[in-house]
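Biologist: I'd like to learn how to read a model like this one. Let's take it feature by feature.
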Number of protein chains: 4
Amino acid sequence: MVVVMQERATGEQVERVIAQLVEMGFDVHRSTGALRTVIGAVGGKTGDPRLVEVLDGVQEVLRITEPYKLASRTFRPENTVITVGDVRIGGDEVIVMAGPCSAETEEQVDASAAAVKRAGAKIFRGGAYKPRSSPYSFQGLGEPGLRLLRSAADRHNLKLISEVMDISQIETIEQYTDILQVGARNMQNFTLLRELGKSRKPVMVKRGISATIEEWLLSAEYILAGGNMNVMLCERGIRTFESYTRNTLDISAIPVVQQLSHLPVIVDPSHGTGRRDKVAPMARAAVAAGADGLIIEVHCDPDHAMSDGAQSLFPSQFDRLMAELRTIAPAIGRGICVEPAARRGWGR
Amino acid sequence: MVVVMQERATGEQVERVIAQLVEMGFDVHRSTGALRTVIGAVGGKTGDPRLVEVLDGVQEVLRITEPYKLASRTFRPENTVITVGDVRIGGDEVIVMAGPCSAETEEQVDASAAAVKRAGAKIFRGGAYKPRSSPYSFQGLGEPGLRLLRSAADRHNLKLISEVMDISQIETIEQYTDILQVGARNMQNFTLLRELGKSRKPVMVKRGISATIEEWLLSAEYILAGGNMNVMLCERGIRTFESYTRNTLDISAIPVVQQLSHLPVIVDPSHGTGRRDKVAPMARAAVAAGADGLIIEVHCDPDHAMSDGAQSLFPSQFDRLMAELRTIAPAIGRGICVEPAARRGWGR
Amino acid sequence: MVVVMQERATGEQVERVIAQLVEMGFDVHRSTGALRTVIGAVGGKTGDPRLVEVLDGVQEVLRITEPYKLASRTFRPENTVITVGDVRIGGDEVIVMAGPCSAETEEQVDASAAAVKRAGAKIFRGGAYKPRSSPYSFQGLGEPGLRLLRSAADRHNLKLISEVMDISQIETIEQYTDILQVGARNMQNFTLLRELGKSRKPVMVKRGISATIEEWLLSAEYILAGGNMNVMLCERGIRTFESYTRNTLDISAIPVVQQLSHLPVIVDPSHGTGRRDKVAPMARAAVAAGADGLIIEVHCDPDHAMSDGAQSLFPSQFDRLMAELRTIAPAIGRGICVEPAARRGWGR
Amino acid sequence: MVVVMQERATGEQVERVIAQLVEMGFDVHRSTGALRTVIGAVGGKTGDPRLVEVLDGVQEVLRITEPYKLASRTFRPENTVITVGDVRIGGDEVIVMAGPCSAETEEQVDASAAAVKRAGAKIFRGGAYKPRSSPYSFQGLGEPGLRLLRSAADRHNLKLISEVMDISQIETIEQYTDILQVGARNMQNFTLLRELGKSRKPVMVKRGISATIEEWLLSAEYILAGGNMNVMLCERGIRTFESYTRNTLDISAIPVVQQLSHLPVIVDPSHGTGRRDKVAPMARAAVAAGADGLIIEVHCDPDHAMSDGAQSLFPSQFDRLMAELRTIAPAIGRGICVEPAARRGWGR
């Protein structure tokens, strides 16, 4: 860190700061100028900069390194590509995950899987355990729901992603799904993140609605530090003063994260807007901005969905959206969900 | 809810909306004016208003009731007073909870308890299980820490509050503490809230940094709905664009919550500002605005605290603050931490 | 407006509310249910709903109409197309405005105009009067700057847009430019807006960094109400807790505004991100989401620009971006800056 | 500024950064460590740090000095006390300014002045020129309103503050008032600020609803730099995600500004909350946190006020509030609006 002393700071105050930094394990470099003293501190463990900030004579304390390591592009300059069977996330192709908010019945799950497969999705999404703000709302089918999702995914040759809310669910969900999802409210559930670091399945970490990009990357760091290098990030909207949309989908987070980190970035326009009629424009925007993938709620019959029907696309809307995305992806040197035979020669 | 149709909405569109509302279990009242139709819907279960919002011809959907019941002043007009031994939270006296961020050693715990008791605190605070953003940081002492806290509290005749992070910890923590605390990051950990509804100990729910007042009251509702009526709320700062302070302590939430709800409101100026030198002004402001209590970090030796030292008060600072608060409290017809013999005749 | 009374509201309280509404000029409709009374009020002038909100017994006051009229799609269902010579803003073609932040020298202005014309821009942008946060910064060339801009625009067959900061500048700027721009900090300079309502030139209103979409449309309303119907809106980023980018460009505002209003929406990715390397992804996202146009800072030599060099594109970067945009636009049934001969058969 | 290079930055990239800094007029100090190079730059003019930020190999650019000088406590360590006749703002006494939102009639102005004087206010407030979001709303009486305000202030031995919206109004308003107020929407109207730097009257600058504390101090700097050293600041609420109150009054800004600057800080709880029933708690909180003064809307008949009636106190409410404030002020070593004879011996 860099400690900037006040213009009137005394020699004793400077000494006190240096002593504190040394106690925190830093090597200290002092520059005294005509106007003020600046102290550089390197090599220490990540100490709480506020311990220095509250000392007398200190003007400001500036951190000079990002607090995450394994998630950083400095650690790994090339993009991480996560392989799930024959699906490659973070490569040349923009990957689309789609499906209903929750598994409800065998028919609903199967019809939804068929619809998203037909339109070109590669990964099926669906919840079996749901975080709900009211105790009286539908809480998900649990393991029987997972069984329905897995069987529909297999029938339609799709991979499967589903949310895990608690460490007690990990073992069960791992048996059924290909990717584990951490929801926005659990982004700082450190117990859960640590446990997922031991999993052999890829994990997708959603950004909390008030999480900075740095906090989000730190949550990914928890999983990476546990030894699981297959982590992808998912932007799903932040809370701002604007209340017309449920959240403000932060499209600029896509290029920012791609600069800071090597991990793939997925975008969720369904939760990011909360309204069906805004999903398609924001999905197109995400691909145009360079997202590595999308996760979209599609339901065979949204009017009767047991949760989030208002933000779920009808299959025909999803078909049209996929066609639009196929036009956009080449603008950034990528393709989208074309059959293997047709997929050749894209550079990035 | 009230559904406002667009000026050009057709009769069919109106019928479609009514059909949807009836399907959701509402009784419907239709008012047709010169310019537009407004549909009132009452008596249904709490349905997702977005299901109506996305229908053709709908201008806007307005919710007319708060979604919480037991936490509302409509349900219980008089203030809830929570009794913990001879301490009454929500009554005429402003209650101060104080102590170190974490239990570290027997000496540190005891010295801190002695200091806060001497100054007039009634409840001792201290953590044994800590949520930390880095996996390499001090994680708390666990049960031995609770033992130290309990024993110091008893020695100095203080009640004890400590944080519970996970349902697996409830049983242990309940044995040692008088009040259970839910941290800001767990405010929407619904599994934990539901389980605390079964506890016989009072619970203090901290507001999440981006939680609206309504969401905060809904989290309290989870505990109340489980049968535990001894719930208090704790404001600890919200995230805004202003980054000079760690968070923006929302002092106006105090009178707002007191209008909407009967539950006591505590304020945490330590986490709310993140800086020792801002704790006293904000503690004074909270009492002046009508807070039922404060929770403040005080450490016998903040410079060597294992966590949050920068926001912990020195005992002498806490003494001075308590004296200031004693001057302020009578302005709103309350007293603060005076010995029982001296405490007579306050009206509110 | 709709007034929802508290469950325990007395008959007298209801009467008091009705009297207030009648005094405000509303026709009142009262519905009394088993649980509570709801009062509908229509036809009054736009009264301050807080006058009712503070009355005893009132639970909530809900506004049922947007406060703007002329800017609303209800008033005018079809899109407004603004014609500036042979350029049509809000039509099938996505219009790109580009140029330097400020006019500096004849060479710089001409070279920049040549570069943006070559790449396909239709409108030249450049400032002659600059709002600067420091009194010591470059304040713009004033009228001589306008002369340079106009002459370069004419030479390269471009239309011209430039910012007006004060009513005293309107007359001068109108002589040189085709479109007048209101900056974000002036979005609520009502004196200026009112005066622009009398202008015969189109006006582009930038969104304030903390303006809601409703406030933004109200500012447009000021100009429309003055009789100038050629108003376009410009999204340029809102202030949020995320500080990695200078602002958070609110891409979702594009479809939201297009639903609420008939006015064209332009997007400014240069100010919206503040960093050159984020301009292209956000420009692509804006077009993919359906923006009617873009306004982009391009400078012939950004390293030596007198203002905003860090967010100005090099001409070669702008060329590449325009090529990408030409791939994206057809995905939403639009074209972009192609010469008239080539432009046929686009539906929207 | 301090430039932190990336770990992999090449020697050439470092040289390029140094060249840019030198061109910007800085003296450069280079520290090369095992891991990375850090470049310190001092003595230059305030350059745009983004010009360095966009260079290859740069990790981060940290500013090491606040951009304001005259407003800073470094420039002037002791508090500024502004003298208006026998009223001293920023001294031992907390000064209360009160009065109606707008001047309406002679009777209303006089009755309001009498009421606030009786309760202990020292300065009368009232608007003659009003910024209104709708063109159809009451726009203020203009100069005749100023005449009413001045005459009532004189009759009741009060000083007068009123808002100036435009440079064309300065000359007129200066003739009638003792203090000029800059409204929140004009906080970055640089033309107006510059002109007020030439005035001989004290100026109160309200914080914009989305202005950082730094931006607010920069606006004060504009006036100070023009030679007018009698500047006071006014906190009146910031825009956050919480919409229950109109704005979130940022009480913590009081101690923060008092640490950074020597200028007095006034708080406006009327606009800060927008609701009469929240004004008193927030006024008490402001004084308890150390505010140098308050500005409060009081109307002799709020129910019939032509603007902002919902947030105006009744005279009896204002009386009660003043009594509460007199109890609180001594807690921070201050007094409040006591007659000169009674005012002795307060330390701060």
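Biologist: Which residues does A:Leu21 touch, not counting residues up to four places away in sequence?

Modeller: Some ground rules first. This is a predicted model, so local features need pLDDT of at least 70 and side-chain atom pairs count only at pLDDT 80 or more, while totals for chains, interfaces and linings use all residues. Residues are numbered from 1 along each chain as its sequence is written, and chains are lettered from A and ligands numbered from 1 in the order in which they are written. Two residues are in contact if their C-beta atoms, placed from the backbone, lie within 7 Å. By that rule A:Leu21 touches A:Phe26, A:Val28, A:Ile39, A:Ala41 and A:Val52, leaving out residues up to four places away in sequence.

Biologist: Is A:Leu21 buried or exposed?

Modeller: You count neighbours: a residue is buried if 20 or more other C-beta atoms lie within 10 Å of its own, exposed if 12 or fewer, and partly exposed in between, again with C-beta atoms placed from the backbone. A:Leu21 has 22 other C-beta atoms within 10 Å, so it is buried. Over chain A, buried residues make up 53% of the 348 residues.

Biologist: In which helix is A:Leu21 found?

Modeller: Helices (H or I, at least four residues) and strands (E, at least two) are DSSP runs, numbered from the N terminus. A:Leu21 belongs to helix 1, residues 11-23 of chain A. Chain A has 11 helices and 15 strands.

Biologist: How far does helix 4 of chain B reach from its first C-alpha to its last?

Modeller: Start from the expected span, which is 1.5 Å times one less than the number of residues. Helix 4 of chain B (residues 143-155) has 13 residues and reaches 18 Å, close to the 18 Å expected. Its buried residues include B:Leu146, B:Leu149 and B:Ala153. The cover over the buried residues of helix 4 of chain B includes helix 3 (106-119), strand 8 (123-125), strand 9 (159-163) and helix 5 (170-176) of chain B. Just after helix 4, B:Asn157 takes a positive phi of about 60°.

Biologist: What rotation superposes chain C on chain D?

Modeller: Copies are superposed by least squares on the C-alpha atoms of residues with pLDDT of at least 70 in both. For chain C on chain D you get 180° with 0.0 Å of shift along the axis, at an RMSD of 0.0 Å. The two copies are thus related as by a two-fold rotation axis. In chain C, C:Ser210 comes closest to that axis, at 3.0 Å for its C-alpha.

Biologist: How many residues does that contact take from chain C and from chain D?

Modeller: It takes 29 residues from chain C and 29 residues from chain D. On the chain C side, helix 2 (50-53), helix 6 (190-196), helix 7 (213-225) and helix 10 (276-289) each supply at least two residues. To sort them, Ala, Val, Leu, Ile, Met, Phe, Trp, Tyr, Cys and Pro count as nonpolar, Asp, Glu, Lys and Arg as charged, and the others, Gly among them, as polar. The side of chain C that touches chain D then divides into 10 nonpolar, 8 polar and 11 charged.

Biologist: And which helix gives the largest share of the side of chain A that touches chain C?

Modeller: The A–C contact takes 33 residues from chain A and 33 residues from chain C. Helix 10 of chain A gives the largest share of the chain A side, 8 residues. That side holds 19 nonpolar, 9 polar and 5 charged residues. Chain A can be laid on chain C by a turn of 180° and a shift of 0.0 Å along the axis, with an RMSD of 0.0 Å. The chain A C-alpha nearest the axis belongs to A:Ala285, 2.0 Å away.

Biologist: Over which residues of chain A does pLDDT stay under 50?

Modeller: pLDDT is the predictor's confidence in each residue, from 0 to 100. In chain A it stays under 50 over residues 339-348. Where pLDDT is low, the predicted coordinates should not be read in detail. Chain A has a mean pLDDT of 88, with 91% of its residues at 70 or more. For the complex, the predictor gives an ipTM of 0.86 and a pTM of 0.85.
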